[in-house]
Amino acid sequence: MPVLLHLVMVGVWGLTIVSSTLRLLRLAKVAQLRTWSEEIRLRGGWNRICWWLGQDSFWIGVRGDAIRALEISLLIFLIAWSMNRL
């Protein structure tokens, strides 16, 4: 049972990281590059990513996701703790 709870918590936090990364790539409008040899396209995509990392509008969404993941982790902890006390 503890292994299952750990896997659920890792999954919740993993999904939070993946969703934040996808949000960053979507905001930066980084399309999938067909050739990695085009240095100008790579530099432009990297500059947009760095720019969005400095914007509060990106971090507001990340904070909301992190709070939701923290809330789910706390609920899982409380459920496991109450099951252990019975």
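This is a predicted model: local features need pLDDT of at least 70, side-chain atom pairs count only at pLDDT 80 or more; totals for chains, interfaces and linings use all residues.
1. Residues are numbered from 1 along each chain as its sequence is written, and side-chain values use heavy atoms, with hydrogens and water left out.

2. The axes of helix 1 (residues 2-27) and helix 3 (residues 56-85) come within 10 Å and cross at roughly 175°, where axes are lines fitted to C-alpha atoms, for helices over the stretch in contact, and angles run from 0 to 180 degrees between N-to-C directions. Helix 1 is therefore roughly antiparallel to helix 3, a term for angles over 145 degrees.

3. The contact (heavy atoms within 4.5 Å) involves residues of helix 1 including Leu 5, Trp 13 and Leu 27, and residues of helix 3 including Phe 58, Asp 65 and Ala 80.

4. Helix 3 has 30 residues and reaches 43 Å from its first C-alpha to its last, close to the 44 Å expected at 1.5 Å a residue, a span taken as 1.5 Å times one less than the number of residues. Its buried residues (under 20% relative accessible area, 1.4 Å probe, protein chains only) are Phe 58, Val 62, Asp 65, Ala 69, Ser 73 and Ile 76.

5. In the protein, buried residues make up 19% of the 86 residues.

Definitions and conventions: Helices (H or I, at least four residues) and strands (E, at least two) are DSSP runs, numbered from the N terminus. Angles under 35 degrees count as roughly parallel, over 145 as roughly antiparallel, 65 to 115 as roughly perpendicular and the rest as oblique. Buried means under 20% relative accessible area, exposed over 50%, partly exposed in between (1.4 Å probe, protein chains only).
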